[in-house]
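The structure is shown first, and the individual pairs are then taken in turn.

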Amino acid sequence: MSRTLSQIAHNSQFDIQIRQALLTAQRSGRQVGLLIIDFHEAEKALEPDDGSADLSEAFTAIADTVRESDTLWRITGSGSAVLLSAVGHPDDAILVATKI
């Protein structure tokens, strides 16, 4: 299922969802992962007219890569964060980062 940029979580939800994920992980004995992605260098290389569309496509591709239970935030114009809600092992977060 493809998520659009408008379906990506708003920054005001960032703190709340991280706290909820940490509490849930603590109760269940699982871990959470937080990936920070910065497209700043890629954005600088893009033409001004093309940059916004290309970054929107990148955010959509990331949203399609992570699970529905994970949360993707656009935290700056060229940055995003992915909250992996249930990580069994740190290598699982590395695998998701590699896919992204």
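D15 is partly exposed, with 41% relative accessible area. The model is predicted, and two salt bridges are counted in it. Side chains of opposite charge can pair when their charged atoms come close.

**The pair D15 and R19**
- A salt bridge links D15 to R19, with 2.8 Å between the closest N and O atoms.
- Both residues belong to helix 1 (residues 14-28), where D15 and R19 are four residues apart, about one turn of the helix.
- R19 counts as exposed, at 53% relative accessibility, because the cut-off for exposed is over 50%.
- D15, at 41%, falls between the cut-offs of 20% and 50% and is therefore classed as partly exposed.

**The pair R67 and D70**
- R67 and D70 form a salt bridge whose closest N and O atoms are 2.7 Å apart.
- R67 is partly exposed, with a relative accessibility of 39%.
- D70, by contrast, is buried, its relative accessible area being 3%; the cut-off for buried is under 20%.

**The surroundings of D70**
- D70 is located in the loop that lies between helix 3 (48-65) and strand 2 (71-74).
- Besides its salt bridge with R67, D70 has a side chain that reaches the backbone nitrogen of S85 at 3.0 Å.
- This distance of 3.0 Å lies within the 3.5 Å cut-off for a polar contact.

Technical notes: Residues are numbered from 1 along each chain as its sequence is written. This is a predicted model: local features need pLDDT of at least 70, side-chain atom pairs count only at pLDDT 80 or more; totals for chains, interfaces and linings use all residues. Side-chain values use heavy atoms; hydrogens and water are left out. A salt bridge is a side-chain nitrogen of Lys or Arg within 4 Å of a carboxyl oxygen of Asp or Glu. Helices (H or I, at least four residues) and strands (E, at least two) are DSSP runs, numbered from the N terminus. Buried means under 20% relative accessible area, exposed over 50%, partly exposed in between (1.4 Å probe, protein chains only). A polar contact is a pair of N or O atoms within 3.5 Å; within protein, one must be able to donate a hydrogen and the other to accept it, and residues adjacent in sequence count only if both atoms are side-chain atoms.
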